[in-house]
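Open the model in your viewer and keep the selection panel at hand. The tour begins with the whole chain and then goes to single residues.

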Amino acid sequence: MSEFVHLLDAALMARTHLIEEDHLQAFRLFNGFLEGFPNLAVDIYARTALIHNYSPTDGKDSIAEVLAWIKESLPWIGCVVVKSRNTQNPAEKRGQLIFGSQPDIKIRENGVWYSIDLTMNRDASFYLDTRLLRLWAWQQLSGKRVLNTFAYTGSLGVAALAGGATRVVQLDRSRQFLRLATQSCQLNHLPVDQKDILEQDFFPAVGQLKRNGMMFDCVFLDPPFFASSSKGRVDLETGSTRLINKVRPLIVDGGRLVAINNA
């Protein structure tokens, strides 16, 4: 048995408490950056395993080893997808099926359903590292008005709605991402008001919200590390304060700004 397999066994033992009987949850099973094998990470989305391949080469031997381990140790997994980061092939970046037939399209976290599309883009359409923030939104934002900027697929906003928020505005410039936000609301039988789904660039959209006198009890600010468009530039390394100052006027006295720094 290789040292890598021992690392996977240890990771599984440490996370056994996250595995539910119905296998509808999502969590990071193996974080190679911190657990001794930085070329790979393994996430679980319901009955789908997602392997993130960070190897500077093709990493085929390691992927074959983890696939064999998954089949033996997690027999309930029905599908395995590999996303390769260090490749010029867009299809390999989005993810390729190496086992099974159909990746899962929804997961459940803290009783809330989320629509996912694991091969939509380089990321997995659902960020596992904001699990506790979604729980906070679900528990703390009942009766509140919420603005979710850089919403991606809207999971923070969906959690707030599921917890009883009176209004959630989801802002992202990608129609494809916002479509999943709407689908997640539908999975939870939550109302969707199309005027609160803003397919716009952050900078002009925030300006328009200010001109309209919109105010929120909570604003989520979760930008990418770096992005640039004709409307403005996002740079978390040097420009976080500028982004924060853009949304501060939209928050009521005593409200909350939740700023996430992916840098």
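Of the 263 residues in the chain, 51% count as buried, meaning under 20% relative accessible area, with exposed over 50% and partly exposed in between (1.4 Å probe, protein chains only). This is a predicted model, in which local features need pLDDT of at least 70 and side-chain atom pairs count only at pLDDT 80 or more, while totals for chains, interfaces and linings use all residues. Residues are numbered from 1 along each chain as its sequence is written, and side-chain values use heavy atoms, with hydrogens and water left out.

Colour by secondary structure. Along its principal axes the C-alpha trace spans about 65 × 40 × 30 Å.

Next, select Arg15, in the loop between helix H1 (3-14) and strand S1 (26-31). Is Arg15 buried or exposed? Arg15 is buried, at 15% relative accessible area. Leaving aside residues up to four places away in sequence, Arg15 touches Phe27, Arg28, Leu29, Phe30, Asn31 and Glu35, where contact means heavy atoms within 4.5 Å.

Now turn to the salt bridges. The rule asks for a side-chain nitrogen of Lys or Arg within 4 Å of a carboxyl oxygen of Asp or Glu, and the count comes to 12.

Select Arg108 and Asp22, whose side chains meet in a salt bridge at 2.6 Å, N to O. Arg108 lies in strand S6 (residues 106-109) and Asp22 in the loop between H1 and S1, so this pair ties together parts 86 residues apart in sequence. Both are partly exposed: Arg108 has a relative accessible area of 24%, and Asp22 has 31%.

Arg28 forms a salt bridge with Asp43, with the closest N and O atoms 2.6 Å apart. Arg28 is in strand S1 and Asp43 in strand S2 (residues 40-45), so the pair joins parts 15 residues apart in sequence. Arg28 is partly exposed at 27%, whereas Asp43 is buried at 2%.

Finish with Arg167 and Asp196, a salt bridge with closest N and O atoms 2.6 Å apart. Arg167 sits in strand S9 (residues 167-172), and Asp196 in the loop between helix H7 (175-187) and strand S10 (197-199), 29 residues apart. Arg167 is partly exposed at 26%; Asp196 is buried at 7%.

Key. Helix = DSSP H or I, 4+ residues; strand = E, 2+ residues; numbered from the N terminus.
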